[in-house]
There are 6 protein chains.
Amino acid sequence: MLLRERLLEILAEDIGMGDLTTEAVIPDGIEVEAQIIAKEPLVLAGMLEIKEILDMIGVRVLKSIDDGVEVSEGTVLAQIVGDGRAILTVERTILNILMRMSGIATATRKLLRKLHEANLKVRIAATRKTAPGLRYFDKRAVMIGGGDTHRYRLDDAVLIKDNHIAILGGVGRAVKAARSSVSFTKKIEVEVSSPEEAIIAAENGADIIMLDNMGVDEAKKAIEALEDRGLRKRVLIEISGGITEKNIIDYARLKPDVISIGALTHSVRSVDISLEIKRILN
Amino acid sequence: MLLRERLLEILAEDIGMGDLTTEAVIPDGIEVEAQIIAKEPLVLAGMLEIKEILDMIGVRVLKSIDDGVEVSEGTVLAQIVGDGRAILTVERTILNILMRMSGIATATRKLLRKLHEANLKVRIAATRKTAPGLRYFDKRAVMIGGGDTHRYRLDDAVLIKDNHIAILGGVGRAVKAARSSVSFTKKIEVEVSSPEEAIIAAENGADIIMLDNMGVDEAKKAIEALEDRGLRKRVLIEISGGITEKNIIDYARLKPDVISIGALTHSVRSVDISLEIKRILN
Amino acid sequence: MLLRERLLEILAEDIGMGDLTTEAVIPDGIEVEAQIIAKEPLVLAGMLEIKEILDMIGVRVLKSIDDGVEVSEGTVLAQIVGDGRAILTVERTILNILMRMSGIATATRKLLRKLHEANLKVRIAATRKTAPGLRYFDKRAVMIGGGDTHRYRLDDAVLIKDNHIAILGGVGRAVKAARSSVSFTKKIEVEVSSPEEAIIAAENGADIIMLDNMGVDEAKKAIEALEDRGLRKRVLIEISGGITEKNIIDYARLKPDVISIGALTHSVRSVDISLEIKRILN
Amino acid sequence: MLLRERLLEILAEDIGMGDLTTEAVIPDGIEVEAQIIAKEPLVLAGMLEIKEILDMIGVRVLKSIDDGVEVSEGTVLAQIVGDGRAILTVERTILNILMRMSGIATATRKLLRKLHEANLKVRIAATRKTAPGLRYFDKRAVMIGGGDTHRYRLDDAVLIKDNHIAILGGVGRAVKAARSSVSFTKKIEVEVSSPEEAIIAAENGADIIMLDNMGVDEAKKAIEALEDRGLRKRVLIEISGGITEKNIIDYARLKPDVISIGALTHSVRSVDISLEIKRILN
Amino acid sequence: MLLRERLLEILAEDIGMGDLTTEAVIPDGIEVEAQIIAKEPLVLAGMLEIKEILDMIGVRVLKSIDDGVEVSEGTVLAQIVGDGRAILTVERTILNILMRMSGIATATRKLLRKLHEANLKVRIAATRKTAPGLRYFDKRAVMIGGGDTHRYRLDDAVLIKDNHIAILGGVGRAVKAARSSVSFTKKIEVEVSSPEEAIIAAENGADIIMLDNMGVDEAKKAIEALEDRGLRKRVLIEISGGITEKNIIDYARLKPDVISIGALTHSVRSVDISLEIKRILN
Amino acid sequence: MLLRERLLEILAEDIGMGDLTTEAVIPDGIEVEAQIIAKEPLVLAGMLEIKEILDMIGVRVLKSIDDGVEVSEGTVLAQIVGDGRAILTVERTILNILMRMSGIATATRKLLRKLHEANLKVRIAATRKTAPGLRYFDKRAVMIGGGDTHRYRLDDAVLIKDNHIAILGGVGRAVKAARSSVSFTKKIEVEVSSPEEAIIAAENGADIIMLDNMGVDEAKKAIEALEDRGLRKRVLIEISGGITEKNIIDYARLKPDVISIGALTHSVRSVDISLEIKRILN
């Protein structure tokens, strides 16, 4: 029900006072069958969301593929039956949702497969660099792709970043301040820019250390520094900043727990999906 | 004021119950100076929107670049002064807005420059393939980049597409139906897939003809067919579907009025922009 | 679904914490049959909207007249069956909607009949002078009555008015500015106060010319001036301002394309409709 | 602040994605002076509301007439100074509010004057027959005109009507049921259709008796019946249904406490008010 | 439907992006049977509200106790069947509603029983000292307990309090001002702090006199003063301020019409209610 | 700004169409000075929230006590100056907020003092048993009192409870399921009912163990069992269920990390705070 409210807003944005074209040219009461079709290989995401929309407007889903399934070009993702006007009115909105979410899921899955093929077990995580207002959709698409959602919001976990430290003036002090005032239910993560900071963070009780914008060699040194002091097992290590399809294997070989990638959600390539009217039923 | 409501929703999505980290580690009442910096060359878009956010939280903008200006890497886009906690709390949201909008404006401007350099005067337009819920932001970014916004919503103008024709069964009938029932303030556009349909549409009073998913040769034939029958000047011609940076010049040489490109908004590459705390003022 | 949100707000405004009277005097669980009855001849409008309300509260509509039908006094517009408390609680709201919308539709139809009887084919259009917040309802009622909705909103089409020209200082300049910066999907209309302005507007590419607050003779001159210069067919002509039932035929004889009338929505006479409980069913 | 939310919705309805025309033809940053002018004699209402709108968009009101003041044709209702684009964008919305509210206030005042001139002291009240969603604005306009707002909502007071009695089967029973279950802070009003019902209602403790849709003679009989039994002073008497400018004096001579008139708000004639740009200030 | 919107907000507050735990550990599609159980004796309130929630998420209520019924410890308040994930996700919210509302109803009923056992017929009323945002729920729980809801809002009835009089400077003047400007549908109540003020209020036409923060003896004097002057029957008397379980009988013996108690809603003891999964059905 | 939206809703609930009394009896434009006064000793909470309200309506706060400060009876919590009507209209709402929040903060502080006096360092935490819709306010009040907020929402951290285990059938399985599918940024807590379950939870990687509804002896055994197996340091221990002022010291002596108490927010005793008009300034 909560999702419906959000989807209604998205629909309202596109529909405004009504779908002029459909109301003008499509007779009332025509029942049609339509297919939603993958125009390229993809990992499907967004089916749950568009089913909510279809349900709201009384369109039945005869069969459909589940979110998370990898499909080839030409696959019928859903076969639907309902009022012709209603289907045409929501067509663009449901495709926009499916194309973006599946685009994110597909890119996430691709990176995970790459790690898998190299026999490396590291989580791929999203960041808060999502499209404005689309946090839920973008994070869910990453999850469907097999990724880790990371923080949904600023109240989700503590993440002390460079700008915090710039103001407060010291990693150790920041971690201690967080530990004493934040709920025991929260993890504390610290973004560090050197092996020294990583050690201070770990020693002061950080749960997670983020190696931020480090080259592979720097990252390696930071991890070794933690291992040398017996601090590696006390913390989770996340590598972030500048990770691409090309260098991800190099970073993953350092065996961090997590690699996070902003581009998964801030620079999405939508996959191509279309809706085709197949038959008029009455 | 209307924009503020929307920006508040976007902020709320990221903040939730509060910025745990900032509240825990940054003392109350610290005034800081910060810079928003372009980390790559870009066409700026989103400055108007983030100024609304900064104004809402009482942060002053000392100087800033205007939307639409093309800047080089390293340019300070805005210099701001205000409460440290407030700035850190909105940092990610304002960067997310700037990075996406500037990404769209930059890509739009690049295509326009390409046409300009080839001495071709054709409008570049967006489509309704925007990120769900981001119609306003995505369209505005296209406009700032120099593009045409096309329809904002389904009530904006009539656009008769393949699926409408599939149900109604004929371009001519559809155009006539629209002409008689839709307000005289609206234009009527028709998506056609052959020179024959283009002619029927024009003869029946369409204001705009969209040549959809045609190869360059097909598109050429359609335009010539219209010219041969003296219909070319009566209509605007829009070419759409499968246009890329590579083939855009070929299509533009056919002298359509508009070329529209879904990828401008559905597959955005965000440009890199960061916020850096420069000084503590008290 | 979008309409429901709006109708809920309207209901909420009337109901507040609950219908004190009904809860106090009507026992829970009483099923009743009721009729909605036209107390005077009218063109029905609002049936679609009140059916949404009745559906929301679980009341069944056994039979009903369609929006747009002209009925005589005493006609049963709808026969409904449902929970007595629910029906009484929404009674006033559904009647308020029906009475206003049907009032608008009836007045619109009356003017159109007048034109029809005089064998004149001119569109009757509404303006943006609707009751605040009721744009959708007022425009839809005009449409049901047979009228043209004109612009829904300020982003619907360009309409350059006297105050715009007062600031910018010239019709021609204004039309050119609009043509170059506004999307190709939009029409451009110009309000003119003299034949000279009409000619300038048409020559600069206006799609629609509004003859504003002109007497019949002035309007005639303006139209003739356009005809003399061969510009009449390039534009649509709208006459607006001071049109009443009495003078509409005189204006219509000038063969404009459209006559628009603010009073259709700003000075509505609601028609009389009542709801009567007919039987208790249990 | 509460009013602002509502006004924003009303503005949003008209503005949509933006005022295309103004953005296209009016340069940014032009400061203008404008006047809001009464085009006919009227009782002003809505000034408080439009000042909220003007304040929201940063427009200053140099001088203005107060709500409730009766003005002659040509009176400058407000002189304002501010950004040209902002003023033109809200022009229609503020005029729509002023024209409707002043129309209601003017009509209310007219009836009160009529009673006053006949030396009759009876309250004129509105009903719940307001435009859907405009309860606040319509009731406030009646109040400014000098009328009584009557119930705002269904939870405001008890009003047992014909349909309630049709289901429950008896005025006396209904009044008792209400008296025992409704808060002691609420008045109980009963709509009666005969002198007998009026007596039963008064005897059972109704605070207000509404003589509904009675002719003058019937109403007279009902009031006399109450007087004869010494019940007149225990109750307030409201006459409602079919009251017009023509017959109001006849009803008022019966000395009811209140006469209520649905048409005050359901059939409003908007008064004519315009906004004119006077000067460009920069 | 109106209630649903409010309940959705309450649910949304608890659920956020989703019930992490349930999604992680409970398989999709498991149907369970659960019971809602009273862990102490109580008067049930909130069943109507939680049924709305259960209906929204598709959970069926096999049997349930009605609001207002007094039950012993261990009573099964409702037996429900539905999707395991859905039930666990709303568990806390529905218990929070039931526990608070039943706590209020139970405390209200207890005081009423005390009066009943002492053979005293006085209404027990709530005040506007409800939890912020919970006016509807708190007032309804008082009503279910058998109490009087008093004013829902500031627009419900006039209540002239000490701070009003402090500014205006006189009870008589305040009552007159209210009588002349407020709708005839509203009652006027006055808070008085002495027998003298009580008399002035009654003589000036107050409908209700509130004896505020008076000791039993003072209250007695005030009531006698009204009786001595024959004013007692013209007004309702409400005693308020400092009423507890211990002194309520002493006040009630003075035979006021109403005793109002802020603590009924501002200092609620929630009763203990739990939800237990009984069986997995598939 | 986000808080303002919520406070506006709370104000709207109380104000409705307007404060009838104040509008009727208090002249427009009267400036007053008022004091908010503690009528009993208390820990202040809610000052930040009511300052937002006062700021919204243009009332100035001359001086005020900070949230978290413990004050004695009679302390002036805030001295304010502003429009008389505005202050009286919000009086009840701001007192309702202050009284509830300060009631929660005071109760929390009292328990913490008790632990402090016994030289025991254990966190006191709230639960999700807050008043429906008041999560933010209730949690913040606990924090101001010195307590731990625990989970704000269901997406905040994993907490596997008895009902989850009832469906899934095993603590170990549940913890593993959560660990593998939930983000690495989240802690995992498990509610256990025996020492055996505690051990299984700890061994399977739970971050926090909640000893639920255990007597002091049982809780002791569970903690010793963890210590015996060297698991105590790996986890945080939270004791919950049935903790009262009387037994809290006994539980605290077991040295858990956290004791959580639902009654802190579900059974709040509001503290007494009043607002008094001191002077009229004009």
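Let's start with A:R140, which counts as buried because its relative accessibility is 16%, and the cut-off for buried is under 20%. Please keep in mind that we are looking at a predicted model.

So what does the side chain of A:R140 meet in a salt bridge? The partner is the side chain of A:D67, at 3.0 Å from N to O.

Now turn to chain C. There, C:R140 and C:D67 meet through their side chains in a salt bridge of 2.9 Å, N to O. This pair also links distant parts of its chain, from helix α5 (residues 135-145) to the loop between β3 (60-64) and β4 (70-71) of chain C. Is C:R140 buried or exposed? At 15% relative accessibility C:R140 is buried, whereas C:D67, at 24%, is partly exposed.

Back in chain A, have a look at A:E276 and A:K278, whose side chains form a salt bridge at 3.6 Å, N to O. A:E276 is partly exposed at 27% relative accessibility, and A:K278 is partly exposed at 40%. Over all chains, the count of salt bridges comes to 150.

Next, the domains. Chain A is divided into domain 1 (2-105 + 268-280) and domain 2 (113-266). Their C-alpha centres lie 36 Å apart. Where the two domains meet, 17 residues of domain 1 are in contact with 16 residues of domain 2, and the area buried between them is about 1200 Å², 60% of it on carbon and sulfur atoms. Which three residues supply more of domain 1's share than any other three? They are A:R100, A:M101 and A:I104, with 39% of the area that domain 1 buries against domain 2.

A:R100 also forms a salt bridge with A:D138, with the closest N and O atoms 2.9 Å apart. On the domain 1 side, the elements giving two or more residues are α1, α3 (47-56) and α4 of chain A. By class, that side has 10 nonpolar, two polar and five charged residues.

Let's move on to where chain A touches chain B. How many residues does each chain bring to the contact? Chain A brings 66 residues and chain B brings 66. Together they bury about 5300 Å², with 61% of it on carbon and sulfur atoms. On the chain A side, A:P132, A:L154 and A:I167 lose the most area to chain B, together 14% of what that side buries.

This interface has four salt bridges. A:R128 and B:D14, for instance, meet through their side chains in a salt bridge at 2.7 Å, N to O. There are also 37 residue pairs in polar contact across the interface. Several elements give two or more residues to the chain A side, among them α1 (2-15), α5 (135-145) and β12 (273-280). The biggest giver is α4(A), with nine residues. Sorted by class, the chain A side has 34 nonpolar, 15 polar and 17 charged residues.

One last stop: D:E191, in strand β8 (residues 188-192) of chain D. D:E191 counts as buried because its relative accessibility is 6%. A polar atom of its side chain lies 3.4 Å from the backbone nitrogen of D:D162. Leaving out residues up to four places away in sequence, D:E191 touches several others, including D:I165, D:M210 and D:D212.

Notes:
Residues are numbered from 1 along each chain as its sequence is written. Chains are lettered from A and ligands numbered from 1 in the order in which they are written. This is a predicted model: local features need pLDDT of at least 70, side-chain atom pairs count only at pLDDT 80 or more; totals for chains, interfaces and linings use all residues. Side-chain values use heavy atoms; hydrogens and water are left out. Contact means heavy atoms within 4.5 Å. Buried area is the accessible area (1.4 Å probe) that two parts lose on being put together, summed over both. A polar contact is a pair of N or O atoms within 3.5 Å; within protein, one must be able to donate a hydrogen and the other to accept it, and residues adjacent in sequence count only if both atoms are side-chain atoms. Helices (H or I, at least four residues) and strands (E, at least two) are DSSP runs, numbered from the N terminus. Ala, Val, Leu, Ile, Met, Phe, Trp, Tyr, Cys and Pro count as nonpolar, Asp, Glu, Lys and Arg as charged, and the others, Gly among them, as polar. Domain bounds come from an automatic or database domain assignment. Buried means under 20% relative accessible area, exposed over 50%, partly exposed in between (1.4 Å probe, protein chains only).
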